[in-house]
Amino acid sequence: MAAAPPATAAVGAALREEDERGSGGAGPRMESSDLGSRQQGPIWHRKPSPAARQGVIVNIIHSVKGYHSKTIRFLNVAFDSSGDSLLAGDHQGNIYVFDLNGNRFNLVQRTMQACTALAFNLRRKTEFLVALADYSVKCFDTETKELVSWMRGHDSSVSSISVHGSGRYAITTSTDTAQLWDLDTFQRKRKLNVRQSVGIQKVFFLPLSNTILSCFKDNSVFAWEFDTLHCKYRLPTPVEGSVLLYKVFAVTRDGRIFVAGGKSNHLHLWCLQSKQLIRIIQMPAKVRAVRHLEFLPDSFDGGSNQVLGVLSQDNIMRFINIETCKLLFDIGSHEEGISTAAVSPNGRYIASVMENGSLNLYSVQALDQEGNKPPPPMFKVVKDWSKCTSEANKQAMRVTSGRSEWPWKSKGSKIQTRLLKLQVNSSFENKENELPGGLNKKRLQALLKGFGEYPAKYRMFVWRSLLQLPENHLAFSSLIDKGTHSAFVNIQNAYPIKSRKLLRVLQRTLSALAHWSAIFAETPYIPLLAFPFVKLFQNNQLICFEVVATVVVNFCQHWFEYFPNPPVNVLSMMENVLAHHDKELLQHLIKYSVTSQVYAWPLLETLFSEVLTREEWLKVFDNIFSNHPSYFLMIAVAYIICSRAPLLHCNQTADFEYFFHHRNNLDINVVIKEAYHLMEATPLDIHPQRMLDDFIPLTKGQYPVFNKYPTFIVDYQTQERERIRQDEIEYLRERQLAHELEAKAQERKAEDEAWYRKQELLREAEEQRRKILLEEEKKLAEQKQRLAAVKRELKVKELQFLDASRRRFLKYQQDQRQMELKRLDDEIARKASMREQETAATVQDVEVQRLEFESQRQLFEQVAEENLTKAEQKRFDTDWRLQALHKLRRDDQNREKHYEEIAKILHDNRVKEAELLKTMREAEEKKWEEVIQKKAQLEEEQKAAAAADEHRKQFLEDKINDALELAEKLQREDGYFERLRDLKARRTERGVELQRVPRSGNICLNDLSASESSSHMSLDRRREELACQEQELMAEVRRLRQKLTSQAQTRRPPSRFQATKWTP
């Protein structure tokens, strides 16, 4: 191209800028075409004149009319291989084909979902590829409007489709994978997978070659052979000092020059033949990031395109000459920005999707001021390519609007960037309301009071000025250089953030805070406190760290004095303010045991991020940063007071906790006003401003020391963590040593194997010289091998036999033990039955003795009858009564003594029986323990148990004999009374007989019988009482026997033997 004079270029640029600033001038009106509900029709209705409309041929929109009229946004655009047809897809999945030569458009498909990429240069000219929002890729036919194929395999959105020059293959790219498709069979041939931490930017075919270029997010670029998919080469790492991260790429039509750009105004030009960086182009200062790159083909350049289109963050696409670095023309403006663009292969048209959703078609001939240039001269001078590339590698050029500024060199092939800082006059810092950047705090507060918040565009700048951030780059770099703190190495486990970048920034910020002060490594809520600022300032980690540090130093005063407990002093201040302004609400909270750690601390430790939306949170912190640090506490109290209506309806602790951990329907403007009211209406004696210091910014150069916390607790926890870390390091070191020893062992093993191989070779050589001896040795070796095999088999069989024998022996031993246990069960049952039989026999003996006593009583009655016949005289009867009375008194006294002795004997018997039961229990427990241990001890315990049973039996028999003797004694003592009773009966019979005789002369005898009957009644009652006591005593003996028998049966249940398992 012929270079235009600098003055002409400058005037042209000024005129273009003036045209951009003007809106709706007096020029010709732009041709606009609304597709509406039409499925086909003409694109424009009159012949366009792009030269008069800044190169725009037509502006295409797709609007839908109805109750709610709206415009459907176009998303992607692609040209066919000829460059005369255009394919465009909108947000609703409508795909249109625009025939630029025939001035016709046609709706070819309705996919019903947004498209993410298009390709229209397949081998079959009527087919095209479209990537959809469901991660699939479909192929349609423009003529039949039918689905040709449906290709699936991606797990994320497809960002680009690259088609091979032959049109037979295509590569679809997403962030996690790239897939190669055969467009004849629509089958996937290969798949490129990468680690999630790396990610793919773009994978595409190089024009006019069988090379695939893959670009990753770590700035690595690889070239692959298409046929074999072997890596051909990799581009070296960019020069040091460059912070450019590649995001967009473009290649010339001849596949020689590769251009990469990203979030910078620099472009890197690579020569793919020499694999070297040949040039760095610096775009104008307005360009801060590059969003899209596209080469503009030319009919005379032979594929080595010189014009490059650069779409920047300001939505303006600038076309520059990469050789002269001259700005040729640009399209788009701030009012009508460009979202994406495509250039036709013939270089005649540029199709751009605008920010408003419309589609602009530009004429390159009308835009390019040098469009009608002559072809370059045929005579060229041959130059040394290596020298050219080495010199070009050291050159960096800047894009200008009129002329090219040629190269400035840097030392050591490094591109150096200098930051110019404005020196602020120190006198402004002494003023109370003057802030850095020329701002005034009073004016900002007035602005905040009028609008309620700062403008979103300038909010970060205002915050940095209000917080007076020092931007200590060196101090922050020293903290970052210390690496990730051990307390936050596995932070992703506690906070699984989906965005890896956000997680990495959070980890670095928390690590820097922990290196700055040890308290932040132990504070559990510091990630919650820092996360909102990390999310807000994730692109500037220095500002993020200093904002968090400033918030901690000023707005979190006295928080760490009671570490690891919540700041009860700060919560008490808030509770005092709440008690002063809303005592009813505080009483309600106290009624349900809701403390300030439930209703205030969750708001403070999360900085309201859980209960506010993003816009509300920004508005709140606009006011917090603009006021005294006590305003932060006041806005928390205001939030509680403004929520008094729902809080008064809560009556459970879980409801209160849920309320202060989730978003609520609350007008944040009312909360902010209430906070200002609290700041003014709170008395000075309870006002937090009295306890909190004024705002103090971070110091410049070095950050201040932060030690307002109990150091002994933090130091102890730090020491414990360090001890654990040292233990882990020691373990890793030992594991590494073990791996090294294993590697050495493997190496030694390899050396041994090599030595054995050498010996084998020597042996083979010797065997070749001694063939006869070799045959004999082979036979002998075979015999030895067979013998060894036989021995091995015998050994295996022997081991199997021994194992089977051992198992049989164990089974036999187990059966023996089970039989022994069963025998013991039978023995116990037998002894229990014997005890029952003995008890029954004893009862029967007692019954027999009772019968004997009854017979003796009858015999005594007969004797008494004989004695009574001889004692019928009156004196004998009188003496007998007197003696009977005296005897009765003595018997009563003796009986009472006997009763006491019987009671004492029974008590002693019970004590001895309890001791006997305890002795039996201990003996039986020892016996069962010895049974579990070994069989020999079991036999000894059986003898001891037999002896114990014999002793118990003898003891019981003695006791029973004693009881029986006592009963016999009692019966003998009661025999006299029985005889008296018999005498009474006989007297009664004789009295009856005497009554039958006439009563003359028998008056005294009748009187005597009446007195005798009264005495006999008392004697009968005594005897009946003794008989009852005797029966009760025998019943008590029988109950004791039954109790002993039942305890002996239940103390060792048979299930205990079944639950025991024997082990060899």
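## A tour by selection

Start by selecting Arg 857. This residue is buried, with a relative accessible area of 12% (buried is under 20%, exposed over 50%, partly exposed in between; 1.4 Å probe, protein chains only). The model is predicted: local features need pLDDT of at least 70, side-chain atom pairs count only at pLDDT 80 or more, and totals for chains, interfaces and linings use all residues. Numbering runs from 1 along each chain as its sequence is written, and side-chain values use heavy atoms, with hydrogens and water left out.

**Along helix α23**

Arg 857 forms a salt bridge with Glu 854, and the closest N and O atoms are 1.9 Å apart (a salt bridge puts a side-chain nitrogen of Lys or Arg within 4 Å of a carboxyl oxygen of Asp or Glu). Both residues sit in helix α23, three residues apart, about one turn of the helix. Helices here are DSSP runs (H or I, at least four residues), as are strands (E, at least two), numbered from the N terminus. Glu 854 is partly exposed at 29% relative accessibility.

Stay in helix α23, which covers residues 771–870. Select Glu 847 and Arg 850. What joins Glu 847 to Arg 850? A salt bridge does, with the closest N and O atoms 2.3 Å apart. About one helical turn separates the two, because they are three residues apart in the helix. Glu 847 is partly exposed at 38%. Arg 850 is partly exposed too, at 41%.

**A bridge across the sequence**

The structure holds 25 salt bridges. For another of them, select Arg 279 and Glu 323, whose side chains meet at 3.8 Å, N to O. Arg 279 lies in strand β25 (residues 276–282), and Glu 323 in the loop between β28 (317–321) and β29 (326–331), so the pair ties together parts that are 44 residues apart in sequence. Arg 279 is buried, at 10% relative accessibility. Glu 323 is partly exposed, at 42%.

**The positive patch**

Now show the surface. Select Lys 217, Lys 247, Lys 263, Arg 500, Lys 501, Arg 504 and Arg 508: they gather in a patch of positive charge. Patch residues have over 30% relative accessible area and no salt bridge; like charges are joined within 9 Å, and nonpolar side chains (Val, Leu, Ile, Met, Phe, Trp, Tyr) within 5 Å. Lys and Arg count as positive, Asp and Glu as negative; His and the chain ends are not counted. A charge is placed at NZ of Lys, CZ of Arg, CG of Asp or CD of Glu.

Which helix gives the most to the patch? Helix α8 (residues 500–516) does, with four residues. Zoom in on Arg 504, which lies in helix α8. Arg 504 is partly exposed, with a relative accessible area of 39%.

**A buried charge without a partner**

Go to Glu 674, in helix α20 (residues 668–681). Glu 674 is buried yet has no salt bridge. The nearest side chain of opposite charge, Arg 644, is 9.0 Å away. Leaving aside neighbours within four places in sequence, Glu 674 is in contact (heavy atoms within 4.5 Å) with Ala 638, Ile 641 and Cys 642.

**Last stop**

Select Asn 707, in the loop between α21 (688–691) and α22 (711–769). Asn 707 is partly exposed, at 48% relative accessibility. Asn 707 and Ala 518 are 189 residues apart in sequence, but their C-alpha atoms are 8.6 Å apart in space.

Terms used:
Accessible areas come from the Shrake-Rupley method with a 1.4 Å probe; for residues, only the protein chains shown count as cover.
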